[in-house]
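Subject: Structure handover and notes

Dear colleague,

I am passing on the structure we spoke about, together with some notes for a reader who has not seen it before. Please have the sequence and the model open as you read.

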Amino acid sequence: MRKGLLAILITFALAAPVLASSGSSSKPLAGTYPIILSHGLFGWGENSGGIISIVNYWGGTDDYLRSQGATVFAPGKTAANSNEVRAQELKAAILTYAAATNYTGKFHILGHSQGGLDSRYMVSNLGLSGRTATLTTLNTPHYGSPIADIVKTVLPSWIQPFVASVVETLVKLVYGGTNQQNALAALASLSKEGLTAFNGYTPNKTGVKYFSYGSSITIPDLIQHPLMGILHPACGAGGLFQGQGFTNDGLVPLSSQKWGTWKGGPSYGIFTTGIDHLQVSNTLRSGSLWYDVEGFYMNMASNMKANQ
């Protein structure tokens, strides 16, 4: 009897480390509420059509988070429209997804650029605060983008509808679909005046935790920042004029990116001249060469999990 008992104890002792090892090897994001990725202006989602759908807006970061145990849904919305219209579309996409997957719990939302604004409106004004655990914004122009104001100033009011029509036609060709584009509404939604009004009727909701991340360009070299490097000086000058400071990511002043609990941005090496507006979302995989994209997105997702 004693020998049998001793054998059982030895077997359990040998098996215990194996069991512990098995548990510790679980994926780091397992158990995280589903993560909704909300794209920005001229963005697209995993269910979008048109030529643009050939490439991934998030540069594969959605698949990376899935590989680490997270459930991720990156829906498409109208490429160019107001925060309010896009918020309605985002809500419809989320509720459709929840119904299709029989999910009744809460979500984490990560919005890049204008995607942070439509997410805020949805949570504050469209009844989804009870389904939202955290709302994280990434390089979102919470207090406006000087580039939007510059475009409004440079283009005379009489020509703005024509330019908007041209932009909308091009968007329809590239993005496909039947959504009604409204470039002027998008422009107004991203201006300083538009965001001042927006913030007045879009307060944070109790019970939802708000976080923000962002980045900026340190030197606008055109090798690393071929597009945002061109816009950087104008955005900086406009930021100074509007009291938002010079430091920016090419489209959004750093001061305008801060909302809720500010968490900073990605770390990078000495040969990287900052992270611009497109690189931070890894759109078209533009950030992968310049910083640890996977590490940065893991940090944001881990913060979500820790606050659910």
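This is a predicted model: local features need pLDDT of at least 70, side-chain atom pairs count only at pLDDT 80 or more; totals for chains, interfaces and linings use all residues.

I begin with the cores. The largest nonpolar core has 29 residues, and those with the most contacts inside it are I35, L65, L138, F296 and Y297. The elements that each give two or more residues to this core are the strands β1 (35–38) and β5 (209–213) together with the helices α2 (61–67), α6 (160–175) and α10 (293–306), and the largest share, seven residues, comes from α10. As general background, nonpolar side chains tend to be buried together in soluble globular proteins.

Next comes the tryptophan, W44, which is placed in the loop between β1 and α2. Is W44 buried or exposed? Its relative accessibility is 5%, and because buried means under 20%, W44 counts as buried. Leaving aside residues up to four places away in sequence, W44 touches H39, I52, S53, V55, N56, Y57, G76, Y175, T283 and L284. One of these contacts is V55, which is 11 residues from W44 along the chain, with 9.5 Å separating the two C-alpha atoms.

I then turned to the helices. Two packed helices are described by the angle between their axes and the distance between the axes. For helix α4 (residues 114–125) and helix α8 (residues 192–200), the axes come within 11 Å and cross at roughly 25°; since angles under 35 degrees count as roughly parallel, α4 and α8 are roughly parallel to each other. The crossing in which α4 passes α8 is left-handed. Where they meet, α4 brings L117, R120 and Y121, while α8 brings L195, F198 and N199, and by class this contact has four nonpolar, one polar and one charged residues.

With best wishes

Note on methods:
Residues are numbered from 1 along each chain as its sequence is written. Side-chain values use heavy atoms; hydrogens and water are left out. Axes are lines fitted to C-alpha atoms, for helices over the stretch in contact, and angles run from 0 to 180 degrees between N-to-C directions. Helices (H or I, at least four residues) and strands (E, at least two) are DSSP runs, numbered from the N terminus. Angles under 35 degrees count as roughly parallel, over 145 as roughly antiparallel, 65 to 115 as roughly perpendicular and the rest as oblique. A crossing is left-handed if the near helix is turned anticlockwise from the far one by less than a right angle, and right-handed if clockwise. Contact means heavy atoms within 4.5 Å. Ala, Val, Leu, Ile, Met, Phe, Trp, Tyr, Cys and Pro count as nonpolar, Asp, Glu, Lys and Arg as charged, and the others, Gly among them, as polar. A nonpolar core is a set of buried Ala, Val, Leu, Ile, Met, Phe, Trp, Tyr and Cys residues joined through side-chain atoms within 4.5 Å. Buried means under 20% relative accessible area, exposed over 50%, partly exposed in between (1.4 Å probe, protein chains only).
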